[in-house]
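Trainee: Please pick one part of this model and take me through it slowly. I'd like to see how you read it, step by step.

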Amino acid sequence: MFLIRMKFLQLLSRKPGKLEMLFQIPFCQKQFPYLCLSTSTCLYSKKKKVNGYEQVDQEKYKNLVCSVTSYKTSAQTPETIFEEDNLLYGPPVKTEQKTPKNWVPLINPNKRIPLVNSHSNLPMKISLPRTKMPSVTRVLQQTMSPQQNFYLERWKQKMILELGKAGFDEYTKNLFLQGELFHAALESIFLSEETAAKEQGKDIISGYLSSVQHVLTDISEVKALESAVQHETLQYLGLVDCVAKYRGQLCVIDWKTSEKPKPSLKNTFDNPLQVAAYIGAINHDASYDFQVSCGLIVVAYKNGSPAHPHFMDPDLCTQYWNQWLLRLEEYMDRN
């Protein structure tokens, strides 16, 4: 009994351990009146506020946020504007592709091609007749889409702000003059002639001529130069720049001048429709004893950098021919 009492006194005199202190809260309440222990942290943590943005599908709108926060007016192009519209309003609704009401084939099945060429070795050059028929250029200009009109008008207003009205008129006048001199110089090259007009404008168009040198080496057997064409069934006409073989394929060739690079066919806007319209006119014009199924758009640059030749194979020409027929129908309906 004495030993048991001594052991009890030793236990009372010993300092309690950490584990034992956890169970001595009633005895220590006077010394530590504010002590409160818990196995849960929620008692002392602040209530977390619910953020509404966390419930939004952030991955879905990530591209939209980046587009808005990185917006720069100076970097806007038609492509970036369309991309932003797709992000804001979704992709455009695809509609059924229209088909021309009065469909005429690009290649004339009734045209007979003579076995022997009846014309001389000189390229054909037919003058434009005086007629009420609309030209290809006029049809395309009067049936441009609202988007094309918007961008064209915006570019025009921008140029007027920079150059003034008189300066802009002078700028467009010089562009037309350069185009005329460039076409005249190419005609002289194909005819192996040295004309006074070419010498007078040589300095103005020297860059354009340097630009197309690598393309000229692939052109042979020129059949027509600056020659009028007329579609006898659809009743429209135009003036084709050149008909010749490009790398062995007979093509309608359209020469274009530009101060900005146009590395792809889509950068040439309505030019493929223009070429397709000329091809169809040649194939249905009795003045020409041959048919064409390919096209070539050559974009020459003023600074002399290598021109971009855009070749149009028969399938591509047929696609643009159908688009041209729709534009022609639209023009005829308006007039």
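Mentor: Let's begin just after helix 7, where S192 takes a positive phi of about 55 degrees. Keep in mind that this is a predicted model. Now step back into the helix itself. Helix 7 has 45 residues, and a straight helix of that kind would reach 66 Å at 1.5 Å a residue. Here, though, the C-alpha atoms at its ends are only 39 Å apart. Where does helix 7 bend, and by how much? Look at G164: the helix bends there by about 110 degrees.

Several residues of helix 12 are buried, among them C317, Y320, W321 and W324.

Back to helix 7 and its side chains. E187 makes a salt bridge with K125, and the closest N and O atoms of that pair are 3.2 Å apart. This one links distant parts of the chain: E187 belongs to helix 7 (residues 146-190), while K125 lies in the loop between helix 5 (78-89) and helix 6 (136-142), 62 residues away. Are the two partners buried or exposed? E187 has a relative accessibility of 17%, and because the cut-off for buried is under 20%, E187 counts as buried. K125 comes out at 51%, so it counts as exposed, the cut-off there being over 50%. As a general idea, side chains of opposite charge can pair when their charged atoms come close.

That pair belongs to a count of 7 salt bridges. Another one joins the side chains of K245 and E221, at 3.4 Å from N to O. Again the pair links distant parts of the chain, with K245 in strand 2 and E221 in strand 1 (residues 219-231), 24 residues apart. K245 is partly exposed at 25% relative accessibility.

Now compare a pair inside one helix. E330 forms a salt bridge with R334, their closest N and O atoms being 2.6 Å apart. Both sit in helix 12 (residues 314-334), and because they are 4 residues apart, about one helical turn separates them. In general, an α-helix has 3.6 residues a turn, so residues three or four places apart point the same way. E330 is partly exposed at 29%, whereas R334 is exposed at 52%.

While we're thinking about strand 2, have a look at C242, which is found there (residues 236-246). What does C242 touch, leaving aside residues up to four places away in sequence? The partners are F190, V222, A224, L225, C251, V252, I253 and W255. C242 and S227 are 15 residues apart in sequence, with a C-alpha to C-alpha separation of 7.7 Å.

Finally, zoom out. The protein chain has 12 helices and 5 strands, and buried residues make up 32% of its 335 residues. Take the contacts between residues at least 6 apart in sequence: 73% of them join residues at least 24 apart. As for the surface, the chain exposes about 23600 Å², with carbon and sulfur atoms supplying 57% of that.

Notes. Residues numbered from 1 in each chain as written. Predicted model: local features only at pLDDT ≥ 70, side-chain atom pairs only at ≥ 80, totals over all residues. Heavy atoms only, no water. Helix = DSSP H or I, 4+ residues; strand = E, 2+ residues; numbered from the N terminus. Contact = heavy atoms within 4.5 Å. Salt bridge = Lys/Arg side-chain N within 4 Å of Asp/Glu carboxyl O. Buried < 20%, exposed > 50% of the residue type's maximum accessible area, 1.4 Å probe, protein only. Expected span 1.5 Å × (residues − 1). Bend = angle between axes of the 7 residues up to and from the residue. Areas by Shrake-Rupley, 256 points an atom, 1.4 Å probe, with all protein chains shown as cover.
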